[in-house]
Amino acid sequence: MNIPMVDLKSQYLKIKSEVDEKIMKVISNTEFINGTDVKEFKAELAAYLNVKHVIPCGNGTDALQIAMMALGLNPGDEVISSDFTFIATVETIALLKLVPVMVDVDPETFIITPEAIEKAITPKTKAIIPVHLFGQCADMDRIMEIAEKYNLYVIEDTAQAIGSDFTSEKGWTKKAGTIGHIGCTSFFPSKNLGCYGDDGAIFTNDDDLNEKISSVVNHGMKVRYYHDRIGVNSRLDTIQAAVLRIKLPHLDEYNAARRAAADYYDRAFQNCDKIVTPVRFNKSTHTFHQYTLILKDVDRAALQEYLKEKGVSSAVYYPVALHNQKAFQGYNFNTANFPVTDKLCETVLSLPMNTELDNDTLKYITDSVLEFFV
Ligand SMILES: Cc1ncc(COP(=O)(O)O)c(C=O)c1O
């Protein structure tokens, strides 16, 4: 047995002829940069998300950086985000010489809480970056209320939640990443909508922000060789756009397959008192970028070793909270502020999660986990 966390090969084989043909077409047309597929993908993703503007870029990290550049934030401005996320979210704040203000997360859903955000607001706060971690949305009702009350920008980090729906208590339902002022996502291969390299995208419903973001991604330029602002070079390659155009129509089916695998895991573990299965937030669908357990009084390293011997992969997202990362040593964060994140870093474990898990494989994985506790 060799069960990986992600199985991109089996997924590719199902769309191979279409993908191979499309890639060869881009190559034979030599339309490598800003080709037809890029324009078509922009429109198709905008239609899927029901958002006015999609601006593709080089990766999810660039998307976050570009969003903050387009908002015109200045050095010293504070940006609030989660302590329990991939470093990209907070690294980009620091890179722009803004001040990262990390806050603790909800112990059940792993997601930034509106209460923690509101507590962290100071006169210097300019933006909030809620991270829709592992596939479900933060409470965007409360977060948008806070943003309005304190006049803050909201940049949704939806790198792990593309396709998730947030249903507001006001009655509307919107896609993750289209509720705040700007949404940012990643098309890293293992993401729910992954290409075959590095890419990402930025979404907005605001025409003015669309202009600024479109300029920043392209050297601050609207008219060729006339540069209105300092920008970057961050593009979606046409070959990757071609791949994404083939995969986008499958996104809902891919997310449903992930949800079905999560349901299987939930059922298998429901009577195990050593495991807390992922809690689903009632305002959001869950697209299970990761299926992450909380272990109770379990030697996690021993469990991982046991699973490895059985050929079952597992991973820890994330082993070190951001406030404890060496990269942020100079910031002197108050380490007492993050009890939930600290605990999660010691107790979480993610199991294989992808679009290709069948019931036999899931049975083998769950039996192997449960055997460890016998
Ligand atoms: C929450 C989150 N934000 C941002 C990123 C950055 O995306 P990329 O790897 O495409 O730069 C990731 C990627 O793992 C992520 O998980």
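Where is the place of Tyr 318? I found Tyr 318 in the loop between H10 and helix H11 (339–347). Helices and strands here are DSSP runs numbered from the N terminus (helices are H or I with at least four residues, strands are E with at least two).

**Before going on**

I noted that this is a predicted model, where local features need pLDDT of at least 70 and side-chain atom pairs count only at pLDDT 80 or more, while totals for chains, interfaces and linings use all residues. Residues are numbered from 1 along each chain as its sequence is written, and side-chain values use heavy atoms, with hydrogens and water left out.

I looked at the bond that joins Tyr 317 and Tyr 318, and it is a cis peptide bond with omega of about 10°. Next I checked Asn 151, which is not a glycine but has a positive phi of about 60°. I placed Asn 151 in the loop between helix H6 (140–150) and strand E5 (153–157).

**Helix pairs**

Two packed helices are described by the angle between their axes and the distance between the axes. The axes are lines fitted to C-alpha atoms, for helices over the stretch in contact, and angles run from 0 to 180 degrees between N-to-C directions.

I started with helix H3 (residues 60–70) and helix H4 (residues 88–95), whose axes come within 9 Å and cross at roughly 40°. That makes H3 oblique to H4 (under 35 degrees is roughly parallel, over 145 roughly antiparallel, 65 to 115 roughly perpendicular, and the rest oblique). For contacts (heavy atoms within 4.5 Å), I listed Thr 61, Leu 64, Gln 65 and Met 68 in H3, which meet residues of H4 including Ala 88, Ile 93 and Leu 95. By class, this contact of H3 with H4 has five nonpolar, four polar and one charged residues. The classes are: Ala, Val, Leu, Ile, Met, Phe, Trp, Tyr, Cys and Pro nonpolar; Asp, Glu, Lys and Arg charged; the others, Gly among them, polar.

Then I took helix H10 (residues 300–309) and helix H12 (residues 359–372), which pack at about 135° with their axes 10 Å apart. H10 and H12 are therefore oblique to each other, and H10 passes H12 in a right-handed crossing. Ala 302, Leu 303, Tyr 306 and Leu 307 in H10 meet Ser 368, Val 369, Glu 371 and Phe 372 in H12. I counted six nonpolar, one polar and one charged residues in the contact of H10 with H12.

**Cavities**

How many cavities of 30 Å³ or more are there? I got two. A cavity is a set of points on a 1 Å grid over the protein atoms alone where a 1.4 Å probe fits but cannot get out, and lining residues have an atom within 4 Å of a point. Grid points are joined across faces, edges and corners, and a volume is the space filled by probe spheres set on the points.

The largest cavity holds about 60 Å³ of space. Among the residues that line the largest cavity are Val 6, Asp 7, Lys 191 and Arg 258. I sorted its lining into three nonpolar, five polar and four charged residues.

The second largest cavity holds about 50 Å³. Its lining includes Glu 108, Phe 110, Phe 134 and His 286, and divides into five nonpolar, five polar and one charged.

Technical notes: On a 1 Å grid over the protein atoms alone, a cavity is a set of points where a 1.4 Å probe fits but cannot get out, and a pocket is an open set with protein on both sides within 12 Å along at least five of seven lines; lining residues have an atom within 4 Å of a point. A crossing is left-handed if the near helix is turned anticlockwise from the far one by less than a right angle, and right-handed if clockwise.
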